[in-house]
Amino acid sequence: MIYSQLSSDLWAIRLKDGDDILMSLRRFAESKGVRAGLLEGIGSLKKVRLGYYDFESRKYSWQAFEEGMEILNLSGNVSTKDTAYIPHVHVTLGRKDFSTLGGHLDDGSLANMVEVFVRKLPGELVKAHDEKIGLNVLQLSRKL
Amino acid sequence: MIYSQLSSDLWAIRLKDGDDILMSLRRFAESKGVRAGLLEGIGSLKKVRLGYYDFESRKYSWQAFEEGMEILNLSGNVSTKDTAYIPHVHVTLGRKDFSTLGGHLDDGSLANMVEVFVRKLPGELVKAHDEKIGLNVLQLSRKL
Amino acid sequence: MIYSQLSSDLWAIRLKDGDDILMSLRRFAESKGVRAGLLEGIGSLKKVRLGYYDFESRKYSWQAFEEGMEILNLSGNVSTKDTAYIPHVHVTLGRKDFSTLGGHLDDGSLANMVEVFVRKLPGELVKAHDEKIGLNVLQLSRKL
């Protein structure tokens, strides 16, 4: 992973051949102290592990795809839970025949080349486990 | 819907089980006076109403899908028309088998859990009806 | 293409019927001197030329689709290489039946109507050809 800092709150990152996408983003957030952030990117990957969360059974199902695919869109955010940095990332992927697939991005997804922009946000975004949902969710203070 | 304000022009929102996604975003924009804004999010929904606009017949076709799906990407903007706040939102969705679908998001689409970031932009974005296109479109002052 | 400047570093653009999407974004970046930028948009197109880059053969394959499709998401960035402005854009598209496709956006893709936001970033993003990858890639100064 290489990067440049463009301003006090913005970095451009390029992930290289074989870089683990989610782990790199987690490591980057930790390294820069990005406790609240937004992520956006495009690129290509060679292997992906996708998750789908079933809100009824409250279980993730996972599937790996080992093929070169365009990353049509990588979207997500960074928050923290206790001492852990949590990049939450979804991807839409394009196959060689231009058909698409996508899901929740897991560790074990490896870049061909990915351009990601990380924007640090003011303040903190904190997650905590929600028993009813079965996931770590953003703790936000106001209601509307 | 719960939220936190991260800066003078940025909010993080979490939509909860059963929240109408588009209506919540419209209500949020109204509540905060976001007359020009950008929207980005990821999450999961339990029901969606998608639209496809045919520029030849100048008609929307609509279809509802009642199944849990990951929101791979929610993108859009907020503008106003007369006194109405208009969130214009497109979504890409991922099924349990990681196949995808998507379209123009309509009222009646219900969240499982959605993380959305709303950025208020300086100035205003105003839409007006365009007879030829058949849609409300952004009124922008300069030509290139 | 029409546009409004919302702040010193942000523009809203509306592409009109028949505008070449990528060429318009390149022309816009040149016109405004956007040597580093982020792009995001939604809309509809009538014709698209999509690319898929194979990192093993180091060749693009291209395919054109001539049908009206929703632009579910347009994501990318602007950099420069020598004197050229390079918008790098990926799109996810939605068909009339709400199925999706997508890839790397090429010249020759024509808008029905597209709303794009261009954010100018501080500093420069420079690309150079990488022999091993076979592509122009971002030159970033630091390693992690």
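This is a predicted model: local features need pLDDT of at least 70, side-chain atom pairs count only at pLDDT 80 or more; totals for chains, interfaces and linings use all residues.
The arrangement of the chains was examined by superposition. Chain C is laid on chain B by a rotation of 120° with 0.0 Å of shift along its axis, and the RMSD is 0.0 Å. The two copies are thus related as by a three-fold rotation axis. Within chain C, the residue that comes closest to this axis is Thr100(C), whose C-alpha lies at 3.7 Å. The copies use different surfaces, since 11% of the contact residues of chain C recur in chain B. For chains A and C, a turn of 120° and a shift of 0.0 Å along the axis superpose chain A on chain C, again with an RMSD of 0.0 Å. In chain A, Thr100(A) is the residue that comes closest to the rotation axis, with its C-alpha at 3.7 Å. Only 11% of the interface residues of chain A are also interface residues in chain C, so these copies meet through different surfaces.

Helix 1 of chain A spans residues 21-32 and has 12 residues. From its first C-alpha to its last, helix 1 of chain A reaches 17 Å, which is close to the 16 Å expected at 1.5 Å a residue. Six named positions in this helix are buried: Ile21(A), Leu22(A), Ser24(A), Leu25(A), Phe28(A) and Ala29(A). These residues lie on the same side of helix 1 of chain A, because they cover an arc of only 160° around the axis. At the N-terminal end, helix 1 of chain A is capped by Asp20(A), which has a side-chain oxygen 3.3 Å from the backbone nitrogen of Leu22(A). Just after the helix, Gly33(A) takes a positive phi of about 65°.

Aromatic rings were considered next. A pair of aromatic rings is described by the distance of the centres and the angle of the planes. Over all chains, the count comes to 18 aromatic pairs. In chain B, the ring centres of Tyr60(B) and Trp62(B) are 4.7 Å apart and the planes are at 20°, so this pair is stacked. Tyr60(B) is partly exposed, at a relative accessible area of 28%, and Trp62(B) is also partly exposed, at 37%. In chain C, Trp11(C) and Phe28(C) form an edge-to-face pair, with 5.6 Å from centre to centre and 80° between the planes. Trp11(C) belongs to strand 2 (residues 10-15) of chain C and Phe28(C) to helix 1 (residues 21-32) of chain C, so the pair ties together parts that are 17 residues apart in sequence. Trp11(C) and Phe28(C) are both buried. In chain A, ring pairs link Tyr53(A), Phe55(A), Tyr60(A) and Trp62(A) into a cluster.

Glu124(C) counts as partly exposed, with 43% relative accessibility. Although Glu124(C) and Val34(C) are 90 residues apart in sequence, their C-alpha atoms are 8.7 Å apart in space. When neighbours within four places in sequence are left aside, the contacts of Glu124(C) are Leu6(A), Arg35(C), Ala36(C) and Thr80(C). With Arg35(C), Glu124(C) makes a polar contact between side chains, at 3.1 Å.

Notes. Residues are numbered from 1 along each chain as its sequence is written. Chains are lettered from A and ligands numbered from 1 in the order in which they are written. Side-chain values use heavy atoms; hydrogens and water are left out. Copies are superposed by least squares on the C-alpha atoms of residues with pLDDT of at least 70 in both. Contact means heavy atoms within 4.5 Å. Rings of Phe, Tyr and Trp (its six-membered ring) pair if their centres lie within 6.5 Å; planes under 30 degrees apart count as stacked, over 60 as edge-to-face and the rest as tilted. Buried means under 20% relative accessible area, exposed over 50%, partly exposed in between (1.4 Å probe, protein chains only). Helices (H or I, at least four residues) and strands (E, at least two) are DSSP runs, numbered from the N terminus. The expected span of a helix is 1.5 Å times one less than its number of residues. The arc is that of the directions from the helix axis to the C-beta atoms. A polar contact is a pair of N or O atoms within 3.5 Å; within protein, one must be able to donate a hydrogen and the other to accept it, and residues adjacent in sequence count only if both atoms are side-chain atoms.
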